[in-house]
Amino acid sequence: MKDVARAAGVSPATVSRVLTNKANTTAEIKNKVLNAMEEMKYVPNINAQSLSSNRSRTICFTIARNPKEILGNSFFSDVLCGISDAAKLEDYNLQFALFHTIEEQVEKCVKLFKQKQVDGFILTSIRSSDKDLLLKSMQEKKVPFVMIGSSLTHRASSIHNDNVRDSYMATKYLIDKGYKQILLLTPPLKQDVVYDRIHGYQRAIEESGLKSTPEYILYCNDEEEDVIRALDQAKMDGISFDSVITMESIMSLSALKYCQSRGMKVPEDVGILCFNNAPYLDKVSPSISCVDLNPTLLGAEAFKLLLDLIDQPSKSLVNKSITLPSRIIERQSIVT
């Protein structure tokens, strides 16, 4: 820094102000410093800056789930892209941490924060039974965090979709299109998002005067053979259906393959609608309609909310909850 200051004809303190984006330097002085840095190929020592500022300028996006459930899911990759783009604008680094157990997640997150390697965390896909341990541990240790997802029983800053609203909207959309026997296909995950979507689905069915039975909610893993086996079993059990809503976008491809292999036309015999838009949905034939959950925006807004908590720790006492809009993208898998 002293060498840069000498080359630019300014004091080391001025170089420091430029590096930390302090407002009390003129554009002319700033350009002189930046030009000197470029000529000398000077790169600031981030670790040293972190020590002096008490900030790592790094946040962590963390999940405690089976990697197979995460890495192939476009929802999480889109959320990650949204966080990354927002972090770049604020010159923040982004870590991604995947854990197998909630205990491991709590231990590692608290350790990273105490060691000043991370300034805060974005949490998502938390099982309902894990929320007490995770959220209380983070709050007790005064670790800044934002949760993607909602909870009626835990006070925490969060950003989320209204899953009851979205599921109601999706089910009502199919009913308005003339479908009357609607299957809801969901992974057997004990998460608030699953419970909320089931509630929205049941409410729309009941309000429309259609038959509402537990048999029309099928629980299965998102692997193709599991989806096809579940739909075959439904048929064997005498459950007639003219449409399918899948909780995961990848499950809709298996539902489409099932219909095509069993001689059922989509959308004439069976309509298909899924949660979350994914790049492959408009590349299959027929293309698959979906509820767009804005995952990229979810990620970006989660970062902004976390940065606000990091900059003003007192705000952690005021739990802010933000609900984002969703929309249905119409494609060929639903009758027009």
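1. Basis. This is a predicted model: local features need pLDDT of at least 70, side-chain atom pairs count only at pLDDT 80 or more, and totals for chains, interfaces and linings use all residues. Residues are numbered from 1 along each chain as its sequence is written, and side-chain values use heavy atoms, with hydrogens and water left out.

2. Strand β1. Start at residues 58–64, which form β1. Helices (H or I, at least four residues) and strands (E, at least two) are DSSP runs, numbered from the N terminus. Seven of the seven residues of β1 are buried, so the strand is largely enclosed by the rest of the structure. Buried means under 20% relative accessible area, exposed over 50%, and partly exposed in between (1.4 Å probe, protein chains only). In a regular strand, side chains alternate between the two faces of the sheet. Here Thr-58, Cys-60, Thr-62 and Ala-64 point one way, while Ile-59, Phe-61 and Ile-63 point the other.

3. Partners of β1. Two strands pair if DSSP finds at least two bridges between them. β1 runs parallel to β2 (residues 93–99), joined by seven bridges. Within that pairing, Ile-63 has Leu-98 as its bridge partner. β1 also pairs with β3 (residues 120–124), again in the parallel sense, over four bridges.

4. Aromatic pairs. The structure holds three of them. Rings of Phe, Tyr and Trp (its six-membered ring) pair if their centres lie within 6.5 Å; planes under 30 degrees apart count as stacked, over 60 as edge-to-face and the rest as tilted. What is the arrangement of Phe-61 and Phe-96? Their ring centres are 5.7 Å apart and the planes stand at 25°, so the pair is stacked. It links Phe-61 in β1 to Phe-96 in β2, 35 residues apart. Phe-61 is buried, at a relative accessible area of 1%. Phe-96 is partly exposed, at 37%.

5. Tyr-92 lies in the loop between α6 (74–89) and β2, and Phe-303 in helix α13 (residues 295–311), so the pair ties together parts that are 211 residues apart in sequence. Tyr-92 counts as buried at 6% relative accessibility. Phe-303 is buried too, at 2%.

6. Charges over rings. The criterion is NZ of Lys or CZ of Arg within 6 Å of the ring centre and within 35 degrees of the ring normal. The charged end of Arg-197 sits over the ring of Phe-275, 4.1 Å from its centre. Lys-235 lies over the face of Phe-241, at 4.9 Å from the ring centre.

7. The open sheet. Six strands take the order β7-β6-β8-β9-β10-β12, with mixed pairing. β7 (217–219) and β12 (327–329) are the edge strands, each pairing on one side only. Inside the sheet order, β8 (residues 243–246) and β9 (residues 271–275) pair in the parallel sense over four bridges. Val-244 stands opposite Ile-272 in β9.

8. Helix packing. Helix α11 (residues 224–236) packs against helix α12 (residues 249–261) at an angle of about 50°, with axes 9 Å apart. Axes are lines fitted to C-alpha atoms, for helices over the stretch in contact, and angles run from 0 to 180 degrees between N-to-C directions. α11 and α12 are therefore oblique to each other. Angles under 35 degrees count as roughly parallel, over 145 as roughly antiparallel, 65 to 115 as roughly perpendicular and the rest as oblique.
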